[in-house]
Amino acid sequence: MRKNFGKKSWLYPMPVLIIAAYDEAGVPNVMNAAWGGIYSDDMIGICLSEGHKTTKNIRATGAFTVSVATAEQLVACDYVGIVSGNKEPDKFAKAGFTAERSEFVNAPLIKELPMTLECELVSYDEESNHLVGRIVNVSACECVLTDEKIDVAKLRPITYDPVNHRYIELGVVAGKAFSDGKKLKQ
């Protein structure tokens with residue numbers, strides 16, 4: 001038997017995306033967003049309200065970064081989701097983040113977050129608040145690599161549980177993609 005909950009914005013896993021952009025004066029701002037994901041081979045789609053300082057910065061500069069929130073930086077990642085850059089001009093630094101300029105786009109990398117998508121703004125729809133960005137580069141700190149590949153056990157990404165309002169750490173391998181299903185092939 002199933003229980004019906006009605007129309008909800010629930011889906012598992014929901015990534016915890018940390019979005020960063022410079023303003024026109026080169027000051028970094030950052031926010032936490034859960035409604036986003038890969039849109040096509042080289043694009044990411046994120047739902048961002050136009051009132052966010054980070055959204056305004058992205059629209060002004062045409063660039064942004066998307067870092068994967070980690071268990072190690074959970075407190076800082078949550079902080080940037082509950083404090084507005086419109087009210088706290090030093091939000092980036094108060095989170096304990098250090099900005100490093102991306103060599104691919106005019107946006108900040110966050111030194112403390114080891115995996116980042118570096119993106120150019122493609123479009124922003126004011127009616128739906130849907131932002132689309134072209135992924136120009138993916139960068140990762142060598143500290144989360146094993147055999148030159150990103151190692152999820154070292155990265156320790158977190159996801160958002162929208163039902164219980166918790167963060168969940170990913171990391172347990174459940175199977176081998178494009179392989180385990182072969183057991184059912186005839």
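## Cysteines

Cys143 counts as exposed, at 51% relative accessibility. Cys141 is partly exposed, with a relative accessible area of 36%. Here buried means under 20% relative accessible area, exposed over 50%, and partly exposed in between (1.4 Å probe, protein chains only). Zero disulfides turn up in a search of the whole structure; a disulfide is a pair of cysteine sulfur atoms within 2.5 Å.

## Basis of the model

The model is predicted: local features need pLDDT of at least 70, side-chain atom pairs count only at pLDDT 80 or more, and totals for chains, interfaces and linings use all residues. Residues are numbered from 1 along each chain as its sequence is written, and side-chain values use heavy atoms, leaving out hydrogens and water.

## Fold and dimensions

The protein chain has four helices and 14 strands. These are DSSP runs (helices H or I, at least four residues; strands E, at least two), numbered from the N terminus.

Along the principal axes, the C-alpha atoms fill a box of roughly 60 × 45 × 30 Å.

## Interior and charge

Of the 186 residues, 38% count as buried.

The protein chain carries 21 positive and 24 negative side chains. Lys and Arg count as positive, Asp and Glu as negative; His and the chain ends are not counted. The centres of the two sets lie 9 Å apart, with charges placed at NZ of Lys, CZ of Arg, CG of Asp or CD of Glu.
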